[in-house]
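Thanks for making time this morning. I would like to walk you through one model, so please have a look at it first.

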Amino acid sequence: MRLKLLSFFFLLGFLALIFKLFFWQVVKSKELGSQAKSQYTANEFLTASRGNVLAKDASWLAARGEAYLVFAEIPKLKEEQRKIADSLAPFFVEDASDRQTLLLEVERLISLMTRKSAVWVPLKNKVSKETKDKIANLEIDGIGFERKEDRVYPEGSEAAHLLGFVGKDEEGGDQGYFGLEGYYNLSLAGKPGFNASQKDAKGNPILIGDRREIAAIGGVDLLTHIDKTVEKILEEKLREGIEKYQASAGTGIIMNPKDGSILAASSYPSYDPKKYWEFGDQYFKDPAISDAFEPGSVFKIVVMASGLDAGVVKPDTLCDICQGPLKVDKYTIETWNKKYNPDSTMTDVIVHSDNVGMAYVSQKLGADKLYDYLDKFGFGRPTGIDLQGEASPKLRPRGTWNIVDLATAGFGQGVAVTPIQMIRAAAVIANGGKLVTPNVVNKLVGVGWEEDIKPPVGDRVIGTKAATEITNMMVEAAKSGEAKWTSIGGFKVAGKTGTAQIPISGHYDAEKTIASFVGFAPADDAKFVMLVMLHEPKSSPWASETAAPLWYSIARDLFPYFGIQPEE
């Protein structure tokens, strides 16, 4: 009986052993194989170098730089942790004279180096080579360095909204956000590599072991159209204008109207892409491509150009409703200064920025035809600019416009646009009638190769005759309109002011405005088109007293740079 019982237990144990072996060798084979392999193989991902962002002259706007991770190997530390922290903390804070900040940094380092079961801990990421060398000179046992790549901005915060910044993704890797860094992130980031080798029980590499390496492919460089001189002029003047006219914010864009290349763009408030984490999320969005606004009187050039091209008006057509306010449904349309000019020509309407006269033009066009022209000018859809974050307010659907919508659209109310859409529309007039795609990057440049970025060629929006006619009207408006006092004598500039009230909770704020000026020069062969906007200027709500003089202040420096000579 005892023998049978013993045999039964032996059989049971044998079956359990067979089952366990089957479980390990068949069911769990892949998992255990991977674990075993991980004990004698070392896998390392190789980071690809991020591409540079270059200005028009191939100088750096954003470049890859050298940086280091400072780490501590706990078992190798020979000095007391507080003493090490006291030595390192001054290198890790911006202001070592700030005792409170310094003490907090010391405590942070001590907490890292005294973690339970910690063997290797990172202390500070992306310190400069200069700082790394100073720490290395201290010769602290157990403190080491790992080379990393940093992002360097030689021009500081200049063109921050155009560039964007490099932050971290969910896995801790570098990721471009906003602007060019976001839009071209895949091209800039390149493709990481991989290195697999065998190691012994102590972690040392086995020289005769199997090795497999896939080299990292560095990111490409972006050669942009951004002109550092033009960008610097724009940014300095825009800051001065915001301060002088007491505006809450401002935006400026300078474009080549012939091909849509962006020479400069700036918005304030801005941020420092090198220290982006010190700024709130509201600073990262680029107002030039993301903010919608009702354009006001600058929109009149679009509606008038449409009317001229459609043949419903001519430059000398007389307005037969301009003798006083215009009643439309239950609303009354007035001029901005309450002055009226009976039998005004269409040129007079643009010069005087006459709201009633523009309602006359939109009524002549009709809702469907006006919608079709606005659609051809590119409103209601993205421009396709190569920057991350572009927004596009929609046009009211075709066929749903009532008589009030039609009338107010004539002078830029009830229609929402972005600054980049508005300057592209002005470029249509400046280049003779063709729609261009705004673009920032000229070429992708790799090792031994380059690729031109060729934006799609747009359709013709208006004929050359209509473009010339509206240009001449804008020249007359610049010379004789409400902003004539700020024009530069001898230079042929085509321009138009815009003072738009800000819609708030279903009505327009009577005091807060967005002042803008859009124009191009020389009028008959434009080298640049520029849009300047000031939000809520307190010195004066009128664009003729704020945005217009700021535009000409910038243009005064651009004329000699572009070789634009006075006609007289």
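**An exposed leucine, a helix and a disulfide**

Let me begin with Leu186, which is exposed, with a relative accessible area of 75%, where exposed means over 50%, buried under 20% and partly exposed in between, using a 1.4 Å probe and protein chains only. This is a predicted model, in which local features need pLDDT of at least 70 and side-chain atom pairs count only at pLDDT 80 or more, while totals for chains, interfaces and linings use all residues. Residues are numbered from 1 along each chain as its sequence is written, and side-chain values use heavy atoms, with hydrogens and water left out.

Leu186 sits in helix 8, residues 185-189; helices here are DSSP runs of H or I with at least four residues, numbered from the N terminus. Between Leu186 and Arg50 there are 9.7 Å in space, C-alpha to C-alpha, although they lie 136 residues apart in sequence.

Now to helix 18, which is mostly covered, with 11 of its 15 residues buried, among them Trp551, Tyr552 and Phe559. How far apart are its end C-alpha atoms? They are 22 Å apart, which agrees with the 21 Å that residues 547-561 should span at 1.5 Å a residue, the expected span being 1.5 Å times one less than the number of residues. After helix 18 comes Gly563, whose phi is positive, near 70°.

Finally, a disulfide, meaning a pair of cysteine sulfur atoms within 2.5 Å, joins Cys319 to Cys322, with 2.1 Å from S to S. Both Cys319 and Cys322 are buried, and their link is right-handed, with 90° about the S-S bond.

Key
Helix = DSSP H or I, 4+ residues; strand = E, 2+ residues; numbered from the N terminus.
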